[in-house]
Amino acid sequence: MDRVIIFDTTLRDGEQAAGGSLNAQEKLEIARQLERLGVDVIEAGFPVTSPGDFEAVRVIAEKIRKPSICALMHANLKAVDESWKAIKKASNPRIHIVLSSSDIHLFYQLRKSREQIIEMSRDTVKHARKYTDNIEFSAMDASRTEPAFIYQLLKIVIDAGATTVNIPDTVGYAMPQQWATVIEGILKNVPNIDKAVVSTHCHNDLGLAVANSLAAIKAGARQVEGCINGIGERAGNAALEEIIMAIKTRSDFFNLTTRIDTKQIYRTSRLVSDLTGFHVQPNKAIIGGNAFRHSSGLHVDGLLKKSSTYEIMDPRSVGIPSSSIVLGKTSGRHAFRERLSELGYTLNDEDLNKAFAAFKELADKKKDITDRDIESLVAEEQRTISEQYHLDRLQVTCGDRGIPTAAVRLMSPGGKALEDAALGTGPVDAVYKAINRLVKVPNELTEFSVKSITEGIDAIGEVLIRIESEGVTYTGRGADTDIIVSSAKAYINALNRLLAAKKAKGKKK
Ligand code: KIV
Ligand code: ZN
């Protein structure tokens, strides 16, 4: 069976999604999980766009050894030299050069002729060959480019040394059958195409990114690019987990394989959602909360008789934890550790101790602790690992008579306790005002949402917030059985991320 190369661009195109910025540490955490998932290529970023992106790509290239680590760059010799510095320590670095090919982009945006595009592409690829022979070239806006020009351009970049040629539907304009015809045309009409892997990269503006990617694969593309949870610019990129599971579930149709450990899909999805702050909709294929839930009596009846009657995939094959196992107050450290490891977490002793203490605290407030609770608890612990400010105590009074009041105690970076109180229009407002008096970083709250992790009155409530400072958005999350505490934790989490970004910027000056 032929194999499809899985190229993940969650950290580059995915991070380009409005409001989804990640810091270097978060990117590294996602890269580690992508390595566990088994992707072939991680596009770690666009190093020349910012010092922060450069640093994130450099760290990932140094630490993540199994997949190829790729950096995106413009067709510009200096950009190649600079970007190479970020990936050169990777075990298998990949240079990814992008240049527009459609007349719309050439005329209105670049103001260049086709001849100039050919020259720039050839020169940049040739220049990149000085560093590596793992070179990808993308003809941006290929779906709106005249096929004859794509053939000409691809022939030239392959002759110059490109080993992967990526055909992007940059604006999500293509239709599945048409996209298959484009790929077939390339395979037929580019004379040296056997010297390169043909790749596809689809956006979801018409909701067809996955369908178009699969059509391209069926037509002969052997690399597919996409993002976990389908995040990305505008309506997003093709959802990798959907493509992977389609190839696996319908191997009778595709006759293809990937190197993906599909059991890692769910965890990867949760991590990306947790760190980017983009919730996964309940009806999302493969990883949505309802993807494997059945409610119709007829379906449940069939399922109980034989699961394949209404399930085309086993939820365990994508790593969805079964929520039938429930821990509680009397569960010991051993049972907790066992459950963690079944859920795919391996914590060191210190982190395990902290997580177990948090588990015991939760068990005092909540009767049954499900897998979802445990995941949320571990995520909460991991969020607080490198924080500067830490919530120590919180007390609020509120109701329909009194003025909402909050008293807050934070532990500061130097380990000093800081206390203050404030009045607000509601309890959350009062808490945020009290925190502002202590942390003193101007910002604007742009988004606030609460969702419950599990069912029941004692469920953990998770708060997601976004704050903006100097034009940059920072996401924060917090989870607790008390949603005012979750709100405080989420705000402190966002402030800590803002402060860390400011500190990193300051260091570079
Ligand atoms: O959508 C696009 O064209 C891209 C390229 C950089 C591959 O993201
Ligand atoms: Zn893209």
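View 1. His203 has a relative accessible area of 4% and is buried. His201, at 5% relative accessibility, likewise counts as buried, because the term applies under 20% relative accessible area. In this predicted model, both histidines coordinate the zinc ion (ligand 2) through NE2, and Asp13 contributes OD. Along the sequence, the donor residues follow the spacing D-x187-H-x1-H.

**View 2. Packing of helix α6 against helix α7.** Helix α6 (residues 114-128) and helix α7 (residues 147-160) have axes that come within 8 Å and cross at roughly 25°. Angles under 35 degrees count as roughly parallel, and α6 and α7 are therefore described as roughly parallel to each other. Their crossing is right-handed. From α6, the contact is made by Arg114, Ile117, Ile118, Ser121, Arg122, Val125 and Lys126; α7 supplies Phe149, Gln152, Leu153, Ile156, Val157 and Ala160. By class, eight of the contact residues are nonpolar, two are polar and three are charged.

**View 3. Packing of helix α14 against helix α16.** The axes of helix α14 (residues 333-342) and helix α16 (residues 371-383) lie 11 Å apart, and the helices pack at an angle of about 90°. Since angles of 65 to 115 degrees count as roughly perpendicular, α14 and α16 are therefore roughly perpendicular to each other. Phe336, Arg339 and Leu340 of α14 make the contact with Asp371, Ile374, Leu377 and Val378 of α16. This contact has five nonpolar and two charged residues, with no polar ones.

Key: Residues are numbered from 1 along each chain as its sequence is written. Chains are lettered from A and ligands numbered from 1 in the order in which they are written. This is a predicted model: local features need pLDDT of at least 70, side-chain atom pairs count only at pLDDT 80 or more; totals for chains, interfaces and linings use all residues. Side-chain values use heavy atoms; hydrogens and water are left out. Donors are N, O and S atoms within 2.8 Å of the metal (3.2 Å for Na, K and Ca); water is not among the atoms, so sites may look incomplete. Buried means under 20% relative accessible area, exposed over 50%, partly exposed in between (1.4 Å probe, protein chains only). Axes are lines fitted to C-alpha atoms, for helices over the stretch in contact, and angles run from 0 to 180 degrees between N-to-C directions. Helices (H or I, at least four residues) and strands (E, at least two) are DSSP runs, numbered from the N terminus. Angles under 35 degrees count as roughly parallel, over 145 as roughly antiparallel, 65 to 115 as roughly perpendicular and the rest as oblique. Contact means heavy atoms within 4.5 Å. Ala, Val, Leu, Ile, Met, Phe, Trp, Tyr, Cys and Pro count as nonpolar, Asp, Glu, Lys and Arg as charged, and the others, Gly among them, as polar. A crossing is left-handed if the near helix is turned anticlockwise from the far one by less than a right angle, and right-handed if clockwise.
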